[in-house]
Amino acid sequence: MISCLDETGFDAALDDLTDILHACVHDGASIGFILPFAPDQARAYWQNRVRPDLHTGALDLFVARGNERILGTVQLIPAMMPNQPHRADVAKLLVHPEARRRGLGRALMAALQDRAIALGRSLLVLDTRSTDPSCILYQSLGFQIAGEVPNYCRNPFEDRLEPTTYMFKDLSQADVLRTLAAKQ
Ligand SMILES: CC(C)(COP(=O)(O)OP(=O)(O)OC[C@H]1O[C@@H](n2cnc3c(N)ncnc32)[C@H](O)[C@@H]1OP(=O)(O)O)[C@@H](O)C(=O)NCCC(=O)NCCS
């Protein structure tokens, strides 16, 4: 159900990814875009912002499939600076509004965490709106709230600013436990 896309897979998935991003923004998600938001803008994000990073290996793109189409996605973006070889960002966890509460978001995050551990990235960082379901999901996965930045971004629907909440998860213990389990 969950897979990590290469460039060929990405090209085949582009229509579905476009649909998911467009639908999530119109459903009210605070994920970098504001209305009006046309399908072409969603497609341009994937083609111009994500595909080049996929090409250089700057990110891992996970997708969740169901009913022969892609219904969800998330990105793991390892930090590039030499003083953060252990850190990665989590970005754009998106599940199509028609496919929510079926465990896809949780499954995508599990795959992302496994990959982070495999890459030796023991600290995950993300930001989200504290009032969104995503915050509940992240906390249930062991993410902790670092703090809130006021007036961080525009609300997607209304002419006002809103805060974002930074969260983090320390995977170093998960790494140790997994190694111990593998030895037993
Ligand atoms: C956040 C999001 C990815 C969750 O995807 P999902 O596939 O519906 O999540 P899951 O079904 O795996 O839910 C896992 C847990 O998260 C919590 N959760 C998810 N949606 C919830 C909701 N609407 N209300 C309360 N809790 C919720 C629950 O604890 C849930 O476990 P449960 O179903 O056993 O109670 C989805 O709501 C989404 O795409 N939101 C818009 C985009 C967004 O804001 N992304 C985050 C950017 S940082």
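Predicted model: local features only at pLDDT ≥ 70, side-chain atom pairs only at ≥ 80, totals over all residues.
Local features are given only where pLDDT is at least 70 and side-chain atom pairs only at pLDDT 80 or more, whereas totals for chains, interfaces and linings use all residues. Residue numbers start from 1 along each chain as its sequence is written.

Seven strands make up an open sheet of mixed pairing, in the order E1-E2-E3-E4-E5-E7-E6. Strands E1 (2–4) and E6 (144–154) stand at the edges with a single partner strand each, so one side of each has no neighbour in the sheet. From one strand to the next the twist averages 25°. Strands (E, at least two residues) and helices (H or I, at least four) are DSSP runs numbered from the N terminus, and two strands pair if DSSP finds at least two bridges between them.

E5 and E7 are antiparallel partners over six bridges, and Val125 stands opposite Phe168 in E7.

| Strand | Residues |
|---|---|
| E5 | 123–128 |
| E7 | 161–170 |

Helix H3 (residues 104–118) lies across E1, E2, E3, E4 and E5, and runs at about 35° to E3. Contact here requires C-beta atoms, placed from the backbone, within 7 Å; angles, from 0 to 180 degrees, are taken between N-to-C directions of axes fitted to C-alpha atoms, for helices over the stretch in contact.

The ligand is surrounded by 21 residues, the closest being Arg100, Gly105, Arg106, Pro133 and Leu137, where a residue is near if its C-beta atom, placed from the backbone, lies within 6 Å. E4, H3, E5 and helix H4 (133–140) each supply at least two residues of this shell, and H4 gives the largest share, five residues.

Definitions and conventions. Contact = placed C-beta atoms within 7 Å.
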